[in-house]
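Biologist: Hi, I'm new to this one and would like a walk through it. Could you show it to me before we start?
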Amino acid sequence: MVIILDNSASEQQVEDVVKHLEDYGFQVHKSVGVERTILGAIGVQPDFDVRKVKILNGVSDVYRVTVPFKLASRSFKEDNTVVKIKDVEIGKDKITLMAGPCSIESEEQIFKLAEVVSKSGSQILRGGAFKPRSSPYSFQGLGEEGLKYIRQAADEFNLLVITEVMEIKYIDLIYKYTDIFQIGARNMQNFPLLKELGKTDKPIMLKRGLSAQIEEWLMSAEYILSEGNKDVLLCERGIRTFEKYTRNTFDLSAVPVVHKKSHLPVIADPSHATGLRDQVPPMARAAVAAGADGLMIEIHHDPEHAFSDGPQALLPNDYINLVQELKMIAKAIGRDI
Ligand code: PEP
Ligand code: MN
């Protein structure tokens with residue numbers, strides 16, 4: 001249920017409404033906007049008579065949210081969420097670029113690629129230290145050693161770090177090294193992991209599950225938000241369909257759909273979405289044109305020998321050139337890179 005308070009509601013009236021809602025058994029979240037305050041009342045009470053709240057002093061309007069996600073919904077928070085990390089703001093006019101290798105392979109490799117990421121004008125260095133591989137016999141990541149390398153490389157080139165966390169037991173360790181936690185597609189519905197990350201104070205990028213509907217994806221974001229962490233980024237990385245010529249089907253229509261349904265920033269990952277290098281630049285351009293707030297792209301200086309996802313990695317110069325093209329597209333739609 002979403003409760004819109006009168007512009008003129010006093011603080012006391014707001015507190016009284018909150019108290020009533022809590023007495024009725026709801027968990028209440030407050031969103032204080034420039035013009036008005038909105039309350040989100042969470043709790044499944046199908047028989048609850050909303051008139052009990054409508055008549056309270058200071059209440060302007062009450063309506064049930066028909067979608068099951070509440071804190072993630074546009075009706076709860078009208079303004080776009082901007083996730084601020086140091087001097088990077090994700091979700092504003094400037095499109096944020098995240099790039100780096102699929103896996104951190106060595107100190108030398110990540111430093112080399114961090115230099116490329118910095119040279120391109122991107123803000124965030126990506127790289128996995130704990131890898132969700134389809135086969136248990138494939139490279140699983142360097143673990144803490146990799147985290148140390150990516151942190152040092154990012155600091156050297158004034159970049160932020162994003163890296164994946166796969167298990168609750170590694171949250172504290174990864175917290176020490178990263179700026180943003182990535183939740184991989186395979187863990188999108190790992191609810192215990194989402195809840196634990198929701199208790200941390202670092203931003204979280206939630207990738208869309210391999211065959212998740214947008215509503216399920218937003219429900220997963222809701223798990224994080226409902227634990228108190230408001231800095232959630234959603235990442236479209238392609239979904240599984242019957243198509244065989246691409247690794248996944250890049251659902252770019254998810255970008256405007258999520259923007260309409262939610263206030264959370266949307267990042268697009270054309271690398272995992274297509275799985276093949278030659279398809280990455282066209283889909284990256286399309287993602288910017290579709291209104292993505294950021295892109296995540298895999299790069300490698302020697303993709304033939306990459307430990308994972310080599311076929312989808314762009315070569316350094318191709319990435320640098322792509323960013324130049326993206327700048328023009330961003331400009332054409334009133335944004336900036
Ligand atoms: C990754 O970013 O390297 C990754 C494994 O992505 P996804 O979870 O989208 O497959
Ligand atoms: Mn990858």
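Modeller: Let us begin with lysine 86, which is exposed at a relative accessible area of 55%, where exposed means over 50%, buried under 20% and partly exposed in between, with a 1.4 Å probe and protein chains only.

Biologist: Where is lysine 86 placed?
Modeller: Lysine 86 sits in the loop between strand S5 (83–85) and strand S6 (88–90); strands (E, at least two residues) and helices (H or I, at least four) are DSSP runs numbered from the N terminus. Its phi is near 50°, a positive value in a residue other than glycine.

Biologist: What kind of model is this, and how are things numbered?
Modeller: This is a predicted model, in which local features need pLDDT of at least 70 and side-chain atom pairs count only at pLDDT 80 or more, while totals for chains, interfaces and linings use all residues. Residues are numbered from 1 along each chain as its sequence is written, chains are lettered from A and ligands numbered from 1 in the order in which they are written, and side-chain values use heavy atoms, leaving out hydrogens and water.

Biologist: Which domains is the protein divided into?
Modeller: There is domain 1 (2–63) and domain 2 (83–332), with bounds that come from an automatic or database domain assignment. The centres of domain 1 and domain 2, taken over C-alpha atoms, are separated by 37 Å.

Biologist: On to the metal: what coordinates the manganese ion (ligand 2)?
Modeller: The manganese ion (ligand 2) is coordinated by Cys102 (SG), His272 (NE2), Glu298 (OE) and Asp309 (OD), at 2.1 to 2.4 Å. Donors here are N, O and S atoms within 2.8 Å of the metal (3.2 Å for Na, K and Ca), and water is not among the atoms, so sites may look incomplete.

Biologist: Is serine 271 buried or exposed?
Modeller: Serine 271, which lies in helix H9, counts as buried at 0% relative accessibility. A polar atom of the serine 271 side chain lies 3.0 Å from the backbone nitrogen of glutamate 298, and a polar contact is a pair of N or O atoms within 3.5 Å; within protein, one must be able to donate a hydrogen and the other to accept it, and residues adjacent in sequence count only if both atoms are side-chain atoms.

Biologist: How many residues surround ligand 1?
Modeller: 13 residues surround ligand 1, and the closest are Arg126, Gln182, Ala185, Lys207 and Arg237; a residue is near a molecule or strand if one of its heavy atoms lies within 4 Å of it.

Biologist: Which side chains have an N or O atom at an oxygen atom of ligand 1?
Modeller: Arginine 126 is one of them, with a distance of 2.7 Å, and for histidine 272 the distance is 3.2 Å.

Biologist: What about lysine 207?
Modeller: Lysine 207 is in strand S11 (residues 204–207), and it is buried, with a relative accessible area of 3%.
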